[in-house]
Amino acid sequence: VPQVTNLFPREHAYAVSKSRPDLVEYMNHKLDQLKDNGVFEELYLKFFYTHSDGYVKARQEKILFFLLIVAASLIVLGIAIKLYIDRLKKKLRVNYDQLLIAHENLQAQEEELAAQNEELLAKEEELLCNYNKLHYASLHDSLTGLPNREHLNEQLKEELEKAQKEGHTGAVLFIDLDDLKTINDTLGHQYGDDLIIKSGSILVEETKASGFVARIGGDEFVVILPGQKARQELEKKASKLLHALAYEYDTDTIRLQTSASIGIALYPENGDTREEILKNADNAMYAAKKTGKNCWRFYEPSMQTEAYEQMVLKVALRSALNQGELTVVYQPLVRVLDHTVIGFEALLRWDSEQYGKISPDVFIPLAEQTGLIHSIGEWVLKEACFFAKHLSEQGQGHIRIGVNTSPIQLSDEY
């Protein structure tokens, strides 16, 4: 009490004794004051209450209550957690079901995409196959399977570039099958095609070690021989090819004997461009045909001049008939015994306004090549008939008129 109140001075010690009733009364009076002003209660609670049975019981009750509150809270928390977990499980189950459905959809889409991918791959393969077929067809002849003109141009361009850059040389052989048109016109194109196929195979077989063989159309083939320049070797090669192409071919009715004409041009000596080297080899081939067919000729500059002149004459010949430059002269046939004229031979002459008199040996083959021989030959026959009529009117109907005709005219329907 003295530590919390000034009721009793600390320097004094007090004792209660029944022998001092006045002191007892004084102490009781002071205690009553402590009770009245609440200090006694305060002191009691602070220093004595915690040692009392009531305090211990109350404290136990508080602890128990706290434990009950904690237990209740834990129970409520557990229930809440369980509800949350149940709700979360339900939500997870829903999400799982959705994910499962999404997974199944993705699997279905994946299978569909895989099928589409396989279809696209198949189409790509088909397109690639078609492209390869078209590319092959664009570079190869449909009848023989040999490289065509386009392929030949590419190969020849490559060879000429090597010739310019690396000093390479070579030869181009222009090959034409003799009289194939006659076979097509008389026996049919099936036999002509068979001859073309067989001839192509022969050329490939004879040059497969070092040559490139192409069919550029009709009855024409071109062979490129890289590295070949020596004329002696080329002569042997050309002769060997002619021998191989001169074979017998049996049809249902007759046996045919084939042959070919070959023109040879060297590169870069006779040309350093595709057009020039092919043109010169072609000119050499026509020179071989003019010589008599079934032979070969090397290109010479004079052939180019001759080819140019023929081209110019062909153009002039087309207008010669309309411009009155063609005439028919009649050479008499005289019987020696009595010097009597028994006939005339009709001879065609061409007196060109631009080029002068041109020999029949020159313009008749040109007329046959261009097809003008049909119209010119018909005109000559009519002129001869008019002349025969004129003789008949003069009383000379017994005199016969001979007219030269081209074999090509015999294929006409008249």
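Does Arg255 count as buried or exposed, and at what relative accessibility? Arg255 counts as exposed, at 55% relative accessibility; buried means under 20% relative accessible area, exposed over 50% and partly exposed in between, with a 1.4 Å probe and protein chains only.

This is a predicted model, in which local features need pLDDT of at least 70 and side-chain atom pairs count only at pLDDT 80 or more, while totals for chains, interfaces and linings use all residues. Residues are numbered from 1 along each chain as its sequence is written, and side-chain values use heavy atoms, with hydrogens and water left out.

**View 1. The whole protein, for orientation.** The C-alpha trace spans about 220 × 50 × 45 Å along its principal axes. Its radius of gyration is 63 Å, whereas a compact globule of 414 residues would have one near 22 Å (taken over C-alpha atoms; the globule rule is 2.2 Å times the number of residues to the power 0.38). You will find 11 helices and 11 strands here, which are DSSP runs numbered from the N terminus (helices: H or I, at least four residues; strands: E, at least two). Of the 414 residues, 30% count as buried.

**View 2. Arg255 meets Asp250.** These two side chains form a salt bridge, with the closest N and O atoms 2.6 Å apart. The term asks for a side-chain nitrogen of Lys or Arg within 4 Å of a carboxyl oxygen of Asp or Glu.

**View 3. Lys357 meets Asp351.** Here the closest N and O atoms of the salt bridge lie 3.7 Å apart. Lys357 counts as exposed because its relative accessibility is 73%. For Asp351 the relative accessible area is 39%, so this residue is partly exposed.

View 4. Take a look along residues 373–393, which make up helix H11 and hold both Lys382 and Glu378. The two residues are four positions apart, about one turn of the helix, and their side chains meet in a salt bridge of 3.6 Å, N to O. Both partners are partly exposed: Lys382 has a relative accessible area of 47%, and Glu378 has 36%.

**View 5. A linked set of charges.** Asp176, Asp178 and Lys289 are joined in a network of salt bridges. Across the protein, the count comes to 15 salt bridges.
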